[in-house]
Amino acid sequence: MEKVNVPLGNRTYPIFFANNVITDASRILKPYVQGKTVMIITDTNIDPLYGQTLQSTLKSEGFNVHKIVIPAGEKSKTLETSEILYNRCLEANLDRTSTIISLGGGVVGDISGFVAATYMRGIDFIQVPTSLLAQVDSSVGGKVGVNLPAAKNAVGAFHQPRAVLIDVSLLKTLPAGEFRSGLSEIIKYGVIWDKAFFDWLEENIDDLKKDDDKLQYAVIQSCRIKAEIVSQDEREKGLRAILNFGHTIGHAIESAAGYGRYTHGEAVAIGQVYESSLAVHTGFLKQQNAHKIKRLIQNAGLPVDYADIEHECLIERMLYDKKNVDTEPVFILPMDIGEVKKVKISVDNVRRFLERARE
Ligand code: NAD
Ligand code: ZN
């Protein structure tokens, strides 16, 4: 079993990587659970696959185990669902020594982390991420939260888990589209931070779906990179912004096309292609590197272009992005593979770029 430590200020928590260990999860996680009572939070897709197994293994270690199953999907990530969860935690007598264990994708991770951050002013939580996106992205970094009807992730907290257990064998049951969506974030890590990892991905992208060792390697590298960035900037005051490569245009495409048309990962894939091309347009990146990025995204089975969105509509969404505090959109642009910089670009310049790119 491999382990990556995430150092944050004066404390550190571990991410464990192992294959086929769900039946052994309680042995691995036991040292990170202080009390006797645990609450598993999972969703309706994941529960029949892994919920019972996790519950049994925790029971066999003598824990008092409860479980709540929420409907699968983004629509569950709300304050209303949180209230249901708080009440269930109360009924099950969870106290300050209890632990919430999140078993699921980013939706389950975000809302159960949010409930853990706020129930009784904060209790422990552990993540067992089951989607590729959750394994490489949402389970690392401590951002937890829920959506408001008008804005995604508008209410939340920073609440780091006690531990994370990542088992890539759980991804066997993940729908193919969700798997590809996670690949988009994996590619992002290569572009923003690690040329050697990018080169490795170029060689191995086709094997990730069928080779668990390679998949685990890619997941570990991704977590290592995200952990390194988050450790240097836990509260997103600076460096952490580089994780938004592909996301300024990606979020704009996601929302302008209507949520659901593109998965988050697909939109971010297109965003990475366009932002790389914007970096060429603005003179930061060599054309051949933009081609390499596009080719890798294409080889991962991800889209590289969008259909039918007006330039002005995209620009408007870029300006509304909550991370843009200015009147000019901010981009994380690659200078080279493995190196990015935060750049503000005038609306006129973005418009000219989009016109040329879409000719
Ligand atoms: P998700 O949790 O909805 O999971 C996607 C789908 O796959 C769901 O239907 C789920 O039930 C199913 N699923 C998950 N694991 C499975 C498995 N092993 N087998 C079969 N089905 C499985 O979505 P997601 O893509 O995992 O996460 C998206 C969420 O993550 C968004 O709400 C986003 O805001 C959030 N997010 C958070 C952060 C963060 O830093 N906290 C970062 C990125 C994304
Ligand atoms: Zn993302």
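**View 1. Strands β6 and β9 pair in the parallel sense**. In this predicted model, β6 (residues 124–129) and β9 (residues 163–167) are joined over 2 bridges. Two strands count as paired if DSSP finds at least two bridges between them. Strands (E, at least two residues) and helices (H or I, at least four) are DSSP runs, numbered from the N terminus. Q127 has V164 of β9 as its bridge partner. Residues are numbered from 1 along each chain as its sequence is written, chains are lettered from A, and ligands are numbered from 1 in the order in which they are written. Local features need pLDDT of at least 70 and side-chain atom pairs count only at pLDDT 80 or more, while totals for chains, interfaces and linings use all residues.

**View 2. An open sheet of 7 strands**. The strand order is β1-β2-β9-β6-β5-β3-β4, and the pairing is mixed. β1 and β4 (64–70) stand at the edges with a single partner strand each, so one side of each has no neighbour in the sheet. From one strand to the next, the twist averages 20°. α4 packs on this sheet and touches β3 (37–43), β5 (99–104) and β6. The direction of α4 makes about 170° with that of β5. Axes are lines fitted to C-alpha atoms, for helices over the stretch in contact, and angles run from 0 to 180 degrees between N-to-C directions. Residues are in contact if their C-beta atoms, placed from the backbone, lie within 7 Å. Helix α8 (residues 212–232) lies across β1, β2 and β9, at about 10° to β1.

**View 3. The hairpin of β1 and β2**. β1 (residues 2–8) and β2 (residues 11–18) run antiparallel and are joined by 7 bridges. V4 is partnered by I15 of β2. The hairpin has 2 residues between the strands, and G9 takes a positive phi near 55°.

**View 4. The shell around ligand 1**. There are 29 residues around the ligand, and N45, G105, G106, S131 and S138 come nearest. A residue belongs here if its C-beta atom, placed from the backbone, lies within 6 Å. α4 (106–118), α5 (132–138) and α6 (176–193) each give two or more residues to the shell. By class, the shell has 10 nonpolar, 12 polar and 7 charged residues. Ala, Val, Leu, Ile, Met, Phe, Trp, Tyr, Cys and Pro count as nonpolar, Asp, Glu, Lys and Arg as charged, and the others, Gly among them, as polar.

**View 5. Domain 1 against domain 2**. The assignment gives domain 1 (2–173) and domain 2 (177–357); such bounds come from an automatic or database domain assignment. Their centres, taken over C-alpha atoms, are separated by 27 Å. Domain 1 gives 22 residues to the contact and domain 2 gives 21. On the domain 1 side, β1, β2 and α5 each supply at least two residues. That side divides into 14 nonpolar, 6 polar and 2 charged residues.

**View 6. Helices α6 and α10 packed together**. α6 and α10 (residues 264–281) meet at an angle of about 35°, with axes 7 Å apart. Among the contact residues are L183, I187 and V191 of α6 and V268 and A269 of α10. By class, this contact has 5 nonpolar, 6 polar and 4 charged residues.

Conventions. Contact = placed C-beta atoms within 7 Å.
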